[in-house]
Amino acid sequence: MTKRIVVDPITRIEGHLRIEVIVDENNVITDAFSSSTLFRGLETIIKGRDPRDAGFIAQRICGVCTYSHYKAGIMAVEDALGITPPLNAQMVRSLMNISLFLHDHVVHFYTLHGLDWCDITSALKADPRKAAKEAFKHTEYPINTGEDELKRVQKRVADFVKQGALGPFNNAYWGHKTYHFTPEQNLIVLSHYLKLLEVQREIAKMMAIFGAKQPHPQSLTVGGITAVMDILDPSRIGEWKAKFEMVSEFINYAYYPDVVMAAKMFNNEQSVLKGCNLKNFISHSEMQIGINEYLFSTGVVLDGDLSKVHAIDEELIKEEVTNSWYKYENTQEVALHPYSGQTNPYHTGFKDGQSLGPDGKMIDTKLLDLKGKYSWIKSPRYDDMPMEVGPLATIVVGLAAKNPYITPVATKFLKDSGLPIAALFSTLGRTAARCIESVVICKHGMKALDTLIENLKSDQTTCAPYVIDKNKVYQGRYIGNVPRGMLSHWVKIKDGVVENYQAVVPSTWNAGPRDHKGQKGPYEMSLIGTKIEDLTRPLEIIRTIHSFDPCIACSVHMMDTKGNALGEYKVEPNFAKI
Amino acid sequence: MRDNKKLFDKISKRLDLLAKLPVCKEDKKDIYEELSKKGIDRRDFVKWAGMMTTTLALPASFAPLTAKAAEVANRLPVIWLHMAECTGCSESLLRTEDPSIDSIIFDVINLEYHETIMAAAGYQAEQNLENAIKKHQGNYILMVEGGIPTIEYYLTIGAHGKTGAQACRDAAENAAAIFAIGTCSSFGGVQAAYPNPTAAEPLSKIITKPVINVPGCPPSEKNIVGNVLYFIMFGALPALDAFNRPKWAYGNRIHDLCERRGHFDAGEFVQHFGDENAQKGFCLYKVGCKGPYTFNNCSKLRFNSHTSWPIQAGHGCIGCSEPNFWDTMSPFEEPLGNKLYHTAFNGFGADKTADTAGMVILSATAIGIAAHALISGVAKNK
């Protein structure tokens with residue numbers, strides 16, 4: 001007898017996400033459906049505006065990867081207009097990008113994903129002295145795990161628990177059988193979880209030094225950057241450098257050992273080691289540290305075959321809407337390239353039905369229409385194939401391309417954790433890949449600052465001049481990699497204003513619904529075959545979904561090439577206006 | 001001085017009253033004790049209280065009251081809802097400043113529901129929300145982030161497909177105070193910009209109770225935290241401006257305290273991003289700064305613990321705490337004075353909305369500022 005399970009809201013992510021799965025009599029997931037239940041339509045809003053404003057609006061796609069879309073929007077317009085920003089601007093953009101990546105990854109591991117690995121209630125039973133010793137097993141220089149520090153952390157949380165008002169820790173899956181850290185290990189991670197709340201604030205300042213603020217920095221302009229006084233101020237550069245070093249320490253001596261420890265302790269946990277099922281990866285060059293020098297590689301790896309890396313043909317990137325709440329009009333094509341994409345919302349509603357309730361009994365719920373449209377996210381495809389993007393793709397493509405920055409760090413991680421290379425293609429591998437990416441940036445990121453300083457000695461230009469000719473038509477794109485994976489923004493400019501705008505974002509690649517051939521995307525594929533220990537507390541589902549670092553507002557699209565007014569959109573008559 | 005005395009007495013009385021309220025966390029009697037358990041010493045706390053006092057534009061003698069306000073804050077449960085948004089406001093809250101102030105938020109206000117931070121998911125998360133509304137009936141603060149789509153299927157939350165608007169109404173019904181955090185929930189925000197494809201509305205249009213707007217994209221961490229303290233001290237809405245923004249934070253224009261104001265008055269302008277005037281830190285008006293039309297305290301308090309703010313980083317203000325700024329303040333890198341009758345939407349911008357009182361003032365100000373910039377520029381060239 002199969003059962004339907006609904007998890008909505010998926011919390012500790014950006015945006016609104018619902019997962020529905022079907023489990024068989026052995027509690028094994030046989031089918032999975034990923035749906036976003038929010039629609040915002042920012043791409044439509046960019047249309048008709050000054051191209052110089054595109055980056056500012058695009059930035060508001062997401063306040064978590066807050067710099068990604070800003071930079072992408074500015075660079076897509078630069079590409080269209082044929083502008084190459086001065087090297088100083090390129091390097092400052094990299095410094096901000098480094099801050100973003102490091103911020104995003106540590107906040108993800110601790111604040112958003114950490115509680116899937118670390119059982120707080122178990123940490124309260126730990127012996128702080130043993131825990132302090134344990135920390136040395138995983139790194140030579142542990143951070144925030146001295147015996148007294150751990151005692152204090154334990155007491156602080158114990159007091160909190162005693163009050164019975166658990167606040168944000170309330171009603172989680174504590175005590176779940178798939179938690180595998182010892183009480184001492186849980187205490188170490190908990191201590192880092194709390195420490196990170198301070199550390200992330202400092203990393204945010206790294207972004208603010210050259211970016212004005214974080215979230216939503218404001219120092220990029222088409223052609224270059226505006227933080228000219230800051231880069232000419234040695235104390236600001238020094239401030240950035242000091243913070244970079246502090247963050248690198250946290251990453252090398254807290255984050256990395258915690259992930260290695262997780263890899264060791266969860267190496268018998270099938271729900272995190274069970275393969276991805278979909279082993280196609282796409283990743284793009286990013287993280288510039290010098291003139292034409294980048295830390296990440298470009299390429300496609302198919303079916304987990306690390307012996308080959310295929311070049312990316314941008315013409316083969318397309319999006320389809322067979323199972324998304326949109327409709328393509330006036331075209332025979334199933335999938336459209338972003339330059340000619342369209343987005344006409346076409347919501348077909350939920351179905352009334354039953355799913356497993358919180359107390360284990362079947363209850364009435366609104367269910368996704370599994371045979372029809374069921375998500376506000378489109379389905380991007382490369383050469384008609386679904387692809388996983390994100391740090392795992394960066395690492396896999398990096399290994400296949402024998403990338404000199406990525407290969408040694410990834411190899412060391414496998415050695416330290418004792419995992420075979422095949423284990424990378426899993427929930428655990430995805431979580432580890434994010435850490436590997438961070439370590440690579442810590443090791444080599446400072447080169448971008450050195451390049452900037454060297455260049456400033458002879459060249460202080462920060463912006464390239466340009467003209468937007470109202471009689472010309474322009475077309476351009478940004479394609480690169482952001483913390484959640486490959487991102488592309490595509491823009492057309494006509495009459496001096498934006499005619500068309502489309503963003504194909506990482507979470508769309510990963511979270512999209514199936515396509516017309518029935519091919520599922522990475523979220524859905526990664527869940528199939530997972531055994532759920534307790535159907536009313538599906539920790540395995542949220543752990544795997546969190547390993548992608550979902551960022552859903554990003555992937556909620558809308559573009560309408562025909563300039564329809566709202567009244568002309570196709571809407572179901574039974575949905576009244578509120 | 002006499003007014004200050006009155007205010008001081010009023011706040012003291014209010015705090016005494018609050019101190020007598022039932023305590024949510026029974027054994028949490030003294031915030032200093034709690035803080036010291038968390039490794040924050042008394043000195044740091046007093047420093048923080050002093051900083052918050054200045055933030056709230058109160059005289060320094062009020063610092064002990066600010067500290068007291070934080071002390072009684074532990075009795076205030078908070079429910080935070082996400083609507084159509086980018087999570088930037090939550091992220092801003094997480095950056096809240098000074099030693100371990102994040103712990104104060106985390107532990108001292110009783111954060112009952114916040115989707116980005118909470119451990120529970122699915123049904124367990126929904127239960128947390130329902131329980132909090134029931135348990136703290138009439139006593140909790142509701143904070144809402146994001147615009148609210150009024151075409152219902154554009155946002156649903158939970159297995160029962162509850163709409164975002166309904167979630168707001170249900171939580172607002174028993175709330176003691178309601179804050180719209182950020183420009184999206186205050187004024188509709190980016191998704192409500194032309195052509196507003198999801199018919200997004202601000203929170204105040206969705207519910208019938210009074211809403212305090214804390215706009216900004218995102219609002220600074222101080223403006224979020226400061227408002228909570230203001231509520232605790234006065235037990236009522238703070239003095240608000242025409243757009244329901246607290247005057248303590250949004251009473252002055254960015255321009256009034258801008259670090260580049262001297263250059264504006266002297267007629268010294270950056271003409272293009274990247275020119276030599278940019279290196280000298282001249283005024284950004286001519287590359288589009290909207291500081292003269294924008295009410296906020298950024299020029300005083302900055303962002304990320306005073307690290308920087310847009311004008312320091314050489315980019316003009318985009319006016320993000322003003323209603324409809326995406327439409328009325330754009331293009332962001334052109335002076336507003338140049339654009340009054342020539343917007344990208346054939347008059348949808350500042351001129352078309354000029355029939356509202358606020359915008360008339362904005363337009364008049366725009367003309368005035370433009371004239372001033374021109375005159376002072378001419379004076380400089382002589």
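This is a predicted model: local features need pLDDT of at least 70, side-chain atom pairs count only at pLDDT 80 or more; totals for chains, interfaces and linings use all residues.

Q: Which residues does the cis peptide bond with omega of about 0° join?

A: A:Asp8 and A:Pro9. A:Pro9 sits in the loop between strand S1 (3-7) and strand S2 (17-23) of chain A.

Q: And which pair has omega of about 5°?

A: A:Gln214 and A:Pro215, also through a cis peptide bond. Look for A:Pro215 in the loop between helix H8 (183-211) and strand S4 (220-221) of chain A.

Q: What about phi at A:Asn292?

A: Positive, about 55°, and A:Asn292 is not a glycine. Most residues other than glycine have a negative phi. A:Asn292 belongs to the loop between strand S7 (286-290) and strand S8 (293-296) of chain A.

Q: Is A:Asn292 buried or exposed?

A: Exposed, because its relative accessibility is 66% and the cut-off is over 50%.

Q: Where is B:Ser305?

A: In the loop between helix H15 (298-301) and helix H16 (325-328) of chain B. B:Ser305 has a positive phi too, near 55°.

Q: Back to the S1-S2 loop of chain A. Is A:Thr11 buried or exposed?

A: Buried: A:Thr11 has 1% relative accessibility, and that loop is where it lies.

Q: What does A:Thr11 touch?

A: Leaving out residues up to four places away in sequence, A:Thr11 touches A:His546 plus several chain B residues, including B:Glu115, B:Met118 and B:Ala125. B:Ala120 is on the list as well. The backbone oxygen of B:Ala120 is 2.5 Å from a polar atom of the A:Thr11 side chain.

Q: Now the sheet in chain B. What's the strand order?

A: S2-S1-S3-S7-S9, an open sheet of 5 strands with parallel pairing. Strand S2 (110-113) and strand S9 (212-214) are at the edges; each has a single partner strand, so one side of each has no neighbour in the sheet. From one strand to the next, the twist averages 30°.

Q: How many bridges link S7 and S9 in chain B?

A: 3, with strand S7 covering residues 175-181. B:Ile181 stands opposite B:Val214 in S9(B).

Q: Which strands does helix H7 of chain B lie across?

A: Strand S1 (77-82), S2 and strand S3 (140-145) of chain B. Helix H7 spans residues 122-135 and runs at about 125° to S2(B).

Q: And what does helix H8 of chain B lie across?

A: S1, S3 and S7 of chain B. Helix H8, residues 164-173, makes an angle of about 160° with S3(B).

Definitions and conventions. Residues are numbered from 1 along each chain as its sequence is written. Chains are lettered from A and ligands numbered from 1 in the order in which they are written. Side-chain values use heavy atoms; hydrogens and water are left out. Helices (H or I, at least four residues) and strands (E, at least two) are DSSP runs, numbered from the N terminus. Buried means under 20% relative accessible area, exposed over 50%, partly exposed in between (1.4 Å probe, protein chains only). A polar contact is a pair of N or O atoms within 3.5 Å; within protein, one must be able to donate a hydrogen and the other to accept it, and residues adjacent in sequence count only if both atoms are side-chain atoms. Contact means heavy atoms within 4.5 Å. Two strands pair if DSSP finds at least two bridges between them. Axes are lines fitted to C-alpha atoms, for helices over the stretch in contact, and angles run from 0 to 180 degrees between N-to-C directions.
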